[in-house]
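Reader: Before I use this structure, I would like to learn how to read its sheet, its interface and its confidence values. Could you take me through them in turn?

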Amino acid sequence: MLLFRGNDWLKSLSSEEKQKVTDQWMAWFRRLTDEGKAIAGNPLERESKIVSGKNRVVSDGPFAESKEAIGGYFLLDVASFDDAVVIAQECPGLPYGVQVEVRPVAAECPVASELKHQTQFANA
Amino acid sequence: MLLYRTDEWYNKLSQEELQKLINQNKAWFEGLTAQGKAKPGRALERKGAIVSGVNGHIVTDGPFAESKEAIGGYLVLDVETIEEAIAIAQSSPGLAYGGSIEVRPVAEECPLDVRARELAREEHCVTI
């Protein structure tokens, strides 16, 4: 999975540059989809809420406008982690300061893996 | 979209607690799916890379698993309002143990397009 981080870089661009990056980004996603390498992808709205704690408190997302904020994602279908990194390196937002986080999708929930690990340990 | 922001809090749980939580999570997710409110969600491995730099030539390890803000997984919802998505996030069984859930509307339209249109309009106004 590719997570696109940073959503404050847009401000510094002219409308022409923005149009250019948008077109490049869309063409990139379309090509990956045609090649069967992208399964899903979505931009996310800037609006953000955080739900946390035992009391399930709702607060405004602290990450709304920052270099760390996630602006969108692509779900890829590739054979290796390295393939995903190569695709990430094609991101049209990179020259403008976007960072792409590349993360393997887990085969199973990490909580379930931890349980399995504990069980093995207990049985050993 | 729900983004789970967590560290590896589940390492602190006992086997019983883990099993209980897994069962609760499963029931929670199945309930949402049965109501047509959840599309497939996935957990992400606790390792990865960050690609940055003009040509994407900088590849570093990340994010750090111990960070409370690292994304541990995601769930795409099919609901009408952000309030409903927040209510679903609040009902997530894992919250009792730590971590937080970021709730984000999926954009109808790419924010790049929206901003380009706004700028074009501003320039049009200036011309007039």
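Author: Strands of a sheet pair through backbone hydrogen bonds, either parallel or antiparallel. In this predicted model, an open sheet of six strands with antiparallel pairing runs in the order S4(A)-S3(A)-S6(B)-S1(B)-S5(B)-S2(B), where strands (E, at least two residues) and helices (H or I, at least four) are DSSP runs numbered from the N terminus, and two strands pair if DSSP finds at least two bridges between them. Residues are numbered from 1 along each chain as its sequence is written, and chains are lettered from A in the order in which they are written. Local features need pLDDT of at least 70 and side-chain atom pairs count only at pLDDT 80 or more, whereas totals for chains, interfaces and linings use all residues.

Reader: Which strands stand at the edges of the sheet?

Author: Strand S4 (57-60) of chain A and strand S2 (38-43) of chain B do, each with a single partner strand, so one side of each is left without a neighbour in the sheet.

Reader: Over how many bridges do S3(A) and S6 of chain B pair?

Author: S3(A) and strand S6 (residues 100-103) of chain B pair over four bridges, in the antiparallel sense, and A:Ile50 stands opposite B:Glu102 in S6(B).

Reader: How many residues of each chain are in contact?

Author: Counting two residues as in contact if their C-beta atoms, placed from the backbone, lie within 7 Å, 49 residues of chain A touch 50 residues of chain B. H3(A) gives the most to the side of chain A that touches chain B, with eight residues.

Reader: Which residues of H2(A) are buried?

Author: An α-helix has 3.6 residues a turn, so residues three or four places apart point the same way. With buried meaning that 20 or more other C-beta atoms, placed from the backbone, lie within 10 Å of a residue's own, the buried residues of H2(A) are A:Ala84, A:Ile87 and A:Ala88. These residues cover an arc of only 100° around the axis (taken from the directions from the helix axis to the C-beta atoms), which puts them on the same side of H2(A).

Reader: What is the mean pLDDT of chain B?

Author: Where pLDDT, the predictor's confidence in each residue from 0 to 100, is low, the predicted coordinates should not be read in detail. The mean for chain B is 83, and 91% of its residues reach 70 or more. Among the elements of chain B, helix H3 (residues 111-127) has the lowest mean pLDDT (72) and helix H2 (residues 82-90) the highest (92).

Notes. Buried ≥ 20, exposed ≤ 12 C-beta atoms within 10 Å, placed from the backbone.
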